[in-house]
Amino acid sequence: MSAVEEQLAATPDAFEKLGDILKNQDHLFACSGSVPIRNEPEAVPDQRPGPDEQRTSRPVTIRWDTATANSPTPEQDACVKLTLPIAPGGNGGVDRLRQHAKPATFGRGGEDVLDESYRKALKIDTDSFCSTFDPYTLGIIDTIAQVLLPSAIDSTTHRSVRAELYKLNVYSGPSGMFKSHVDTPRSTSQFGSLVVCLPLEHEGGQLKVRHKGKEMTYDWSTRQSDPNHAQIQWAAFYSDCEHEILEVTKGDRITLTYNLYAVRGAGRLTGMSKTLDPTHLPLYEAVKTAMDSPRARFDGKGGSIIFWCSHIYAYNHQSESPLPDTLKGVDAVIWEIFQSLGLQPRIAPFVSLEYELEGLQEWYDEKKIPSDGGDALRRWAAERPAPLLEGSFGVYKHPGGYLDETTHYQELYIGKDGWGGKYHNESQVWLNERPSNEELQILFTAYGNEAEAAYHYSHCGILVDVPGTSEIEAAEALAEEVKNMRIELQDTSA
Ligand SMILES: O=C(O)CCC(=O)C(=O)O
Ligand SMILES: [Fe+2]
């Protein structure tokens, strides 16, 4: 058989094997990459940068504390630094780093143990060192999020990666190593680990990562003579992967390790951000002033305040995560401010019945039924309130069957077997114009001369209820009653 024939004969098997791997999804457990070191400032790209432009890194400087509790060193020596790659001729910094690092322990049976036959390495904790290396600015964290996150935890909400620096490790020749182990997860949102190997000459020390019978080997050994020696290399893998570091036979292998957490990220933080202070948003004062005495707007009768969302959301899409998490721009700002003012905003789709009401009114007029007579629907149509129906997200499809004109509204829109909406025919203040963008909301069969598919569209709005004076008085009376009950209970228990 010729080489080509041999290859062709092997192809069906290779495809089958690939098919199996894809079917079992057991290939997705690790990813890796490298970042070259540059000494000059990065050139400004003349084109617009792509989402993940090729990045290079400045040499990495590590600074660490040398003072210990027992022997405080003189102040001028309290902190030492080492820059990698090492400039030609200088390597004293690595010796000093080793002197100040401590033997690395590992978890066994719920305890931290020191056992050099299992792990021979040195480490520095994060409270004693810092470095100029940042996996975020180099695009490493975004890459990990793109490749490893989709299978992790709740991928509808936890779409970002937070990398928390864990240790600096030094594995030195001739026998530094770490036998096969699985990292201890620090919380339920931890989904993996990131190992970053800094540019320093060494031999051996391959990282092997295993998952369901598959194995990847990351060989980051470098020699000063290698053209690629000056690069940062990294690998990330899922928490359930077993991994080990083979013996470093020569030189020092210095790594930074990170714990990787799946977290809510950009675009999914509305109402959730712990760092945003809504009271310092530029819109805050204006909203607060407007909301200070909204009851006056409704003559004490109560009503609602609606802000129409100004961005387009796929709010009725089945697999999208629900609003308000994904509100953005001014919509997010309004939501945050309403919340911080204690106004308990809601977000919902609103169907407008203006058109139906008009038709209904004409129909009654034709039949010469006076506006204060007839059925409830007639009176409602005649009053022409702001006819908005508030419902819940998700396209509602009426199962079919005859809907006559007069029961139509109750059954289809507010009936419990219908969309389950709620009328908003009390007073309303709209904070902005209703936008033109709409989403399909209700599908039903309308009967005119013949049956036809009919539908209603909706607009998405943020709503705040303003209770009427009587409701407030009732609520206050109830609160008073509850308070008295408590006092009585205390009295009887005393
Ligand atoms: O430094 C490394 O290459 C990884 C070390 C490791 O596996 C660990 O710290 O758990
Ligand atoms: Fe590990």
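Two strands pair if DSSP finds at least two bridges between them. Helices (H or I, at least four residues) and strands (E, at least two) are DSSP runs, numbered from the N terminus.

The model is predicted: local features need pLDDT of at least 70, side-chain atom pairs count only at pLDDT 80 or more, and totals for chains, interfaces and linings use all residues. Residues are numbered from 1 along each chain as its sequence is written, and chains are lettered from A and ligands numbered from 1 in the order in which they are written.

**Exercise 1. State how many helices and strands the protein has, and what share of its residues is buried.**

Step 1. The protein has nine helices and 25 strands.

Step 2. A residue is buried if 20 or more other C-beta atoms lie within 10 Å of its own, exposed if 12 or fewer, and partly exposed in between, with C-beta atoms placed from the backbone. Of the 494 residues, 27% count as buried.

Step 3. Two residues are in contact if their C-beta atoms, placed from the backbone, lie within 7 Å. Among contacts with a separation of 6 or more, 75% are between residues 24 or more positions apart.

**Exercise 2. Describe the cover of strand 12 and its pairing with strand 16.**

Step 1. Seven of the eight residues of strand 12 are buried, so that the strand is mostly covered.

Step 2. Strand 16 (residues 231-238) pairs with strand 12 in the antiparallel sense over six bridges. Gly 192 has Tyr 238 of strand 16 as its bridge partner.

**Exercise 3. List the residues around ligand 1 and sort them by class.**

Step 1. A residue is near a molecule if its C-beta atom, placed from the backbone, lies within 6 Å of it. The residues around ligand 1 are Asn 169, Phe 178, Asp 183, Val 195, Leu 207, His 243, Ile 245, Thr 255 and Thr 257.

Step 2. Ala, Val, Leu, Ile, Met, Phe, Trp, Tyr, Cys and Pro count as nonpolar, Asp, Glu, Lys and Arg as charged, and the others, Gly among them, as polar. The shell has four nonpolar, four polar and one charged residues.

Step 3. Strand 17 (residues 242-263) gives the largest share of the shell, four residues.

**Exercise 4. Describe helix 5 and what its buried residues pack against.**

Step 1. Helix 5 (residues 329-340) has twelve residues and reaches 17 Å from its first C-alpha to its last. This is close to the expected 16 Å, where the expected span is 1.5 Å times one less than the number of residues.

Step 2. Its buried residues are Asp 331, Ala 332, Ile 334, Trp 335, Glu 336, Ile 337 and Phe 338.

Step 3. Those residues pack against helix 4 (284-291), strand 18 (303-308) and strand 25 (451-466).

Step 4. After helix 5 comes Gly 342, with a positive phi near 75°.

**Exercise 5. Is Thr 270 buried or exposed, and which residues does it touch?**

Step 1. Thr 270 lies in the loop between strand 17 and helix 4.

Step 2. Thr 270 counts as buried because it has 22 C-beta neighbours inside 10 Å.

Step 3. Leaving aside neighbours within four places in sequence, the contacts of Thr 270 are Pro 324, Asp 325, Thr 326, Leu 327, Ala 332, Trp 335 and Glu 336.

Step 4. Thr 270 and Ala 332 are 62 residues apart in sequence, and their C-alpha atoms are 5.8 Å apart in space.
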